[in-house]
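Dear colleague,

I am passing a structure on to you, and I would be glad if you opened it before reading my notes. Please keep it beside you as you read.

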Amino acid sequence: MNNLHAPTVPAGPTSAPTANGTSNHLSFTELQQKKDNVEAELKALGNVLDSHGVDMDTPLLTRDGFPRSDLDVAQIRTTRARIIRLKNDYKEIMANVEKFLHEHFANAAEHPESSTPTTASSAFEVLPDTGAQSLDPPFAKVDGVSPNSPAELAGLKVDDEIRNFGYVNWSNHDSLKKVAECVTGNEGRNIFIRVTRPSGVASREELRLTLTPRRDWGGRGMLGCHITPI
């Protein structure tokens, strides 16, 4: 406790594998590891700011424009800059993860006879249509679908329970924030989703649907449906 600000942040660029677009050349396993590393570092950097009693928006200057004497302004600025760079790296990593998953499932749809669980599917627990015993738990429920919307065209119905939405599942949906990010980042591109649908009194069916977000479908939002967390 003698050194409250023990975590220090070096100046300079973020780790090379994700800088300058080089994450495009990483394998899925490497992308997953890099994602985990960036998330861990962002959490540690957040703790550094917390230890100073500030966040990303706390003013560091006095009203006269001088650095505040009660704060380690240089350390805080360095930490904030590192966080910003890491967040940019994280966006690039997730974009490449999405691209990998889209290509994987598009290939599986075109060649179902050769489709087997891969590193991509197991890492995010997005599973093939068989093996229902290993399905992710549902994390959201559809409670509204607009006519002629992308959601309706994809086959979504009210009361469908969503298990997977692209790379999003029960473990990482962050109160559905990641669903919104997935939709925004994939306008005009296919998103593979897995849903559980009530079928009769005591039975349910498992479906995998393809949803394509669009702004120009004639209604509100890019999906035309409303989902709520379970």
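Predicted model: local features only at pLDDT ≥ 70, side-chain atom pairs only at ≥ 80, totals over all residues.

Residues are numbered from 1 along each chain as its sequence is written, and side-chain values use heavy atoms, with hydrogens and water left out.

The largest pocket holds about 400 Å³ of space. A pocket here is an open set of points on a 1 Å grid over the protein atoms alone, where a 1.4 Å probe fits and protein lies on both sides within 12 Å along at least five of seven lines; lining residues have an atom within 4 Å of a point. The volume is the space filled by probe spheres set on the points, which are joined across faces, edges and corners. Of its 17 lining residues, Lys87, Tyr90, Lys91, Lys178 and Glu181 are the closest to the centre. Helix 2 (73-110) supplies the largest share of this lining, with 7 residues; helices are DSSP runs of H or I with at least four residues, strands are runs of E with at least two, and both are numbered from the N terminus. Because domain 1 (28-108) and domain 2 (140-229) both give residues to the lining, the pocket lies between them; the domain bounds come from an automatic or database domain assignment.

In helix 5 (177-184), the buried residues are Lys178, Val179, Cys182 and Val183, where buried means under 20% relative accessible area, exposed over 50%, and partly exposed in between (1.4 Å probe, protein chains only). These four cover an arc of only 140 degrees around the axis, which puts them on the same side of helix 5; the arc is taken from the directions from the helix axis to the C-beta atoms. The face turned away from that buried side carries the exposed residues Lys177 and Thr184.

Val179 also belongs to the largest nonpolar core, where Phe139, Ile162, Phe165, Val179 and Ile193 touch the most other members out of 39 residues. Such a core is a set of buried Ala, Val, Leu, Ile, Met, Phe, Trp, Tyr and Cys residues joined through side-chain atoms within 4.5 Å. Helix 2 gives the most to this core, with 9 residues.

Lastly, His173 sits in the loop between strand 2 and helix 5, and it counts as buried because its relative accessibility is 14%.

With best wishes
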